[in-house]
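Have the sequence and the 3D view handy as you read.

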Amino acid sequence: MAKQPEQDRTEREKSIAINRKARFKFEIIEKFEAGISLTGSEVKSCRAHQVSLSDAYARFQGNELYLVNLDIAQYADAGYSQHEPKRMRKLLMHRRELGKLVGKVAERGLTLVPLGLHFNSRGFVKVSLGLAKGKQLFDKRRTLRDRDMKRDMARQVRGR
């Protein structure tokens, strides 16, 4: 039991950014992990946690998968070799996985949203993608109601 908090701490330190709105706006059907092609200044900005996943999504262009609207702030000490903050970034996955995703995204109403960015054990930046279906307004209300009920129950249990 003593190792659990330490393990959680190391996981949090490796995490770069989490897209909290994605789980509220979308129903996540399946999760995937992909590498991402970044320049040096982008990796430095990721290490400084200067990343925003809001409004980001993945889309196919030809046979390749790209991440669109991922905002990685410019690194202050990069000098003349600055990167464009909202450029399209290529996602790196095996051809078989891409083939599966093409078929699933072609279904009506499904999209690929980034759930989070993190460093793996070798120091590479990885993107957690979710195959998602958009929630209707009543689903969002139900999510809020369930979260409030859980919070109230936890308060009552803590109070006893």
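## What counts as a salt bridge

A salt bridge here is a side-chain nitrogen of Lys or Arg within 4 Å of a carboxyl oxygen of Asp or Glu. Side chains of opposite charge can pair when their charged atoms come close. By this rule, the count is six salt bridges.

The model is predicted, so local features need pLDDT of at least 70 and side-chain atom pairs count only at pLDDT 80 or more, while totals for chains, interfaces and linings use all residues. Residues are numbered from 1 along each chain as its sequence is written, and side-chain values use heavy atoms, with hydrogens and water left out.

## Glu42 and its two arginines

Find Glu42 in helix α3 (residues 40-47); helices (H or I, at least four residues) and strands (E, at least two) are DSSP runs, numbered from the N terminus. Arg89 makes a salt bridge with Glu42, with the closest N and O atoms 2.9 Å apart. That pair ties together distant parts of the chain, since Arg89 is in strand β7 and Glu42 is in helix α3, 47 residues apart.

Arg87 also bridges to Glu42, and here the closest N and O atoms are 2.8 Å apart. Shared partners join Glu42, Arg87 and Arg89 into one network.

Glu42 has a relative accessible area of 0%, so it's buried (under 20% is buried, over 50% exposed, partly exposed in between, using a 1.4 Å probe and protein chains only). Arg89 is buried too, at 0%, whereas Arg87 is partly exposed at 24%.
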